[in-house]
Amino acid sequence: MKTRSQIPVPKIAFEGTGTANPLAFRHYNPDEVVDGRPLSEHLRFSVAYWHAFRGTGGDPFGPGTIRRPWEEGRDALSVAKKRLDAAFEFFQKIRVPFWCFHDRDIAPEGRTLAESNRNLDQIVAHAKALQQATGIKLLWGTANLFSNPRYMNGAATNPDAHVFAYAAAQVKKALEVTQELGGENYVFWGGREGYETLLNTDLKREQAHLAAFLHMAVDYAKAIGFDGQFLIEPKPKEPTKHQYDFDVASGIAFLRTHGLAKHLKFNIETNHATLAGHSFSHEIEVAAAAGMLGSIDANTGDPLLGWDTDQFNTDVKELTLAMVSILKAGGLGRGGLNFDAKLRRASVDIEDLFHAHIGGMDAYALAFKVARRIIADGKLTRFVADRYASYDDGFGRDIAKRKIGFKELDRLVQTKLGEPKPRSGRQEYLENLLNDYLH
Ligand code: XUL
Ligand code: CO
């Protein structure tokens with residue numbers, strides 16, 4: 001399949017740290033073999049279609065600033081195809097193996113659900129041909145259940161069952177097209193699944209409806225033989241004041257309460273973690289501890305702003321810590337690193353889209369390498385293991401194995417152990433050690 005070039009930037013090459021070329025990778029060499037596999041397979045980078053190809057730089061104070069030549073034209077479906085061609089050209093040039101989309105990002109919504117589905121079918125056929133021609137795969141698909149005004153009171157948590165039904169029909173189709181495109185995962189981000197005021201909200205019922213919705217999705221995936229991994233993406237607030245999937249911990253509680261834990265893992269987004277008052281690593285560790293780490297939406301917020309700014313993350317220290325947690329957990333499996341990040345309003349050139357992704361990819365590649373050094377070196381792992389060594393044998397092991405109770409421990413303290421000696425947590429030493437690896 002041959003399409004006309006629409007992006008006047010060459011394919012990005014790996015040139016190493018010595019290069020002065022801003023349009024080159026310094027750390028990310030997709031073909032570099034690590035543990036018998038190319039780096040591209042370890043990191044599984046993905047471009048988010050909604051930001052990279054539907055983002056216009058608009059904000060509540062003004063309309064979009066970013067204009068792309070492929071947006072010219074009156075027929076929405078032809079524009080959607082031209083845009084998709086441009087996107088696949090970009091995916092190849094930036095050398096990502098994956099992309100992600102919402103149903104309504106790729107195809108225009110029609111006047112009826114049937115018309116929307118027909119539009120989607122046309123664009124999905126086009127996307128399938130582009131995937132086959134380029135080898136680029138779908139990391140995950142999802143449904144936009146939050147932009148259309150019908151979803152203003154939520155989708156699965158809408159007080160009106162009619163809206164619930166519409167959302168169900170939309171997700172049914174989104175699952176089918178994700179399957180058609182070989183999607184390795186399917187994401188549920190809780191759009192407007194939350195509330196603005198408890199004065200008009202039955203929280204318990206809404207949560208039960210959300211669970212019913214997810215069960216229906218699990219059942220339907222089974223019925224059509226879709227074997228992608230289901231992912232839930234927590235976010236504490238925005239667009240609603242209180243989102244139900246607040247963070248990973250509340251997500252786990254929700255999934256376990258409703259018998260869904262074995263069907264879903266987590267898609268953890270950096271900026272959502274920090275909005276919830278957590279670090280990125282904290283969310284990764286909580287998911288990993290439950291065996292539910294699925295995938296990453298790679299971005300960052302601004303520490304001075306309290307909303308989801310979805311910026312590209314170039315903070316190697318933060319990413320190194322995240323990578324240590326991911327690698328300790330055994331990696332992301334069929335998940336990946338999806339750049340759910342957008343250009344700033346004034347970054348209007350196509351080169352900016354390249355700089356943004358190059359920066360994000362290089363930062364993750366560097367973090368991956370530093371994290372591997374940290375793990376291989378073992379100092380940090382040994383420090384932590386040693387900190388808990390008192391649980392490895394004796395009464396400590398009995399505590400961990402739940403073989404001992406308050407009575408025996410009381411006797412031990414009173415007859416033998418006495419007062420525990422203070423033991424330093426060595427935080428400052430460890431922070432310095434981390435910097436040794438980073439520089
Ligand atoms: C919104 C967000 C979404 C999801 C997909 O904050 O992160 O783009 O990743 O619906
Ligand atoms: Co996201």
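Student: Which residues are the protein donors of the cobalt ion (ligand 2)?

Tutor: This is a predicted model, and the distances that follow are computed from its atoms. A donor here is an N, O or S atom within 2.8 Å of the metal, and the protein donors of the cobalt ion lie 1.9 to 2.1 Å from it. They are Glu233 (OE), Glu269 (OE), Asp297 (OD) and Asp340 (OD).

Student: What is the site of the cobalt ion (ligand 2), given the angles among its donor atoms?

Tutor: The cobalt ion has 6 donor atoms, and the angles among them run from 79 to 170 degrees. Six donors count as octahedral if opposite ones are over 155 degrees apart and all others between 65 and 115. The site is accordingly classed as octahedral.

Student: Which side chain has an N or O atom 2.7 Å from an oxygen atom of ligand 1?

Tutor: A polar side-chain atom of Trp50 lies 3.3 Å from an oxygen atom of ligand 1, and for the side chain of Asp308 the corresponding distance is 3.0 Å. The distance of 2.7 Å belongs to the side chain of His102.

Student: How much of the area that ligand 1 exposes when taken alone does the protein bury?

Tutor: Ligand 1 takes up the space of the largest pocket, and the shell around it divides into 3 nonpolar, 2 polar and 6 charged residues. Taken alone, ligand 1 exposes 290 Å², and the share of this that the protein buries is 94%.

Key. Residues are numbered from 1 along each chain as its sequence is written. Chains are lettered from A and ligands numbered from 1 in the order in which they are written. This is a predicted model: local features need pLDDT of at least 70, side-chain atom pairs count only at pLDDT 80 or more; totals for chains, interfaces and linings use all residues. Side-chain values use heavy atoms; hydrogens and water are left out. A polar contact is a pair of N or O atoms within 3.5 Å; within protein, one must be able to donate a hydrogen and the other to accept it, and residues adjacent in sequence count only if both atoms are side-chain atoms. Accessible areas come from the Shrake-Rupley method with a 1.4 Å probe; for residues, only the protein chains shown count as cover. On a 1 Å grid over the protein atoms alone, a cavity is a set of points where a 1.4 Å probe fits but cannot get out, and a pocket is an open set with protein on both sides within 12 Å along at least five of seven lines; lining residues have an atom within 4 Å of a point. A molecule sits in a cavity or pocket if more than half of its atoms lie within 2 Å of its grid points. Ala, Val, Leu, Ile, Met, Phe, Trp, Tyr, Cys and Pro count as nonpolar, Asp, Glu, Lys and Arg as charged, and the others, Gly among them, as polar. Donors are N, O and S atoms within 2.8 Å of the metal (3.2 Å for Na, K and Ca); water is not among the atoms, so sites may look incomplete. Four donors count as tetrahedral if all angles lie between 85 and 135 degrees; four count as square planar and six as octahedral if opposite donors are over 155 degrees apart and all others between 65 and 115; anything else is irregular.
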